[in-house]
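My notes are below the model.

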Amino acid sequence: TRPDHPLTARVIVNRVWQGHFGVGLVATPSDFGTLGERPSHPELLDWLAVEFVERGWSLKRLHRLIVTSAAYRRSATSPAPEAARAKDPDNRLLWRMPVRRLDAEQVRDAMLAV
């Protein structure tokens, strides 16, 4: 967890990003090595890792930084989805918020809230 060693911070940032978006900036969160996939946005991953370390390894601040970003605030629908889907069918460029199913706990909590 040394500040000059970026791997730990990058892995944590990627897993938090995956929790919010359903897929991480690196699609293989358990393998950051040569056999894993390359990051879809390497500059963003590095910037988030640096911010995470500079803010004292605070997960609360990292979550706040991600959920207040423009990528997180995007709608799941788009005005021109056909054109965007043709260019980026896997949404690797984050042109829309990915649609995900709710976990069992989230469904239970929603039902109890109603």
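I am working with a predicted model, in which local features need pLDDT of at least 70, side-chain atom pairs count only at pLDDT 80 or more, and totals for chains, interfaces and linings use all residues. Residues are numbered from 1 along each chain as its sequence is written, and side-chain values use heavy atoms, with hydrogens and water left out.

**Whole chain.** I looked up the secondary structure and found 5 helices and 0 strands. Helices here are DSSP runs of H or I with at least four residues, and strands are E runs of at least two. The order from the N terminus is α-α-α-α-α. The C-alpha trace spans about 45 × 40 × 25 Å along its principal axes.

I checked burial next. Of the 114 residues, 30% are buried (under 20% relative accessible area, 1.4 Å probe, protein chains only). The exposed surface comes to about 8000 Å², 56% of it from carbon and sulfur atoms (Shrake-Rupley method, 1.4 Å probe).

**His41.** I then turned to this residue. It sits in the loop between helix H1 (6-21) and helix H2 (42-54). What does His41 touch, leaving aside its neighbours within four places in sequence? I noted Leu25, Arg92, Leu93 and Leu94 (contact means heavy atoms within 4.5 Å). The His41 side chain also makes a polar contact of 2.9 Å with the side chain of Ser40. Such a contact is a pair of N or O atoms within 3.5 Å; within protein, one must be able to donate a hydrogen and the other to accept it, and residues adjacent in sequence count only if both atoms are side-chain atoms.

Definitions and conventions: Buried < 20%, exposed > 50% of the residue type's maximum accessible area, 1.4 Å probe, protein only.
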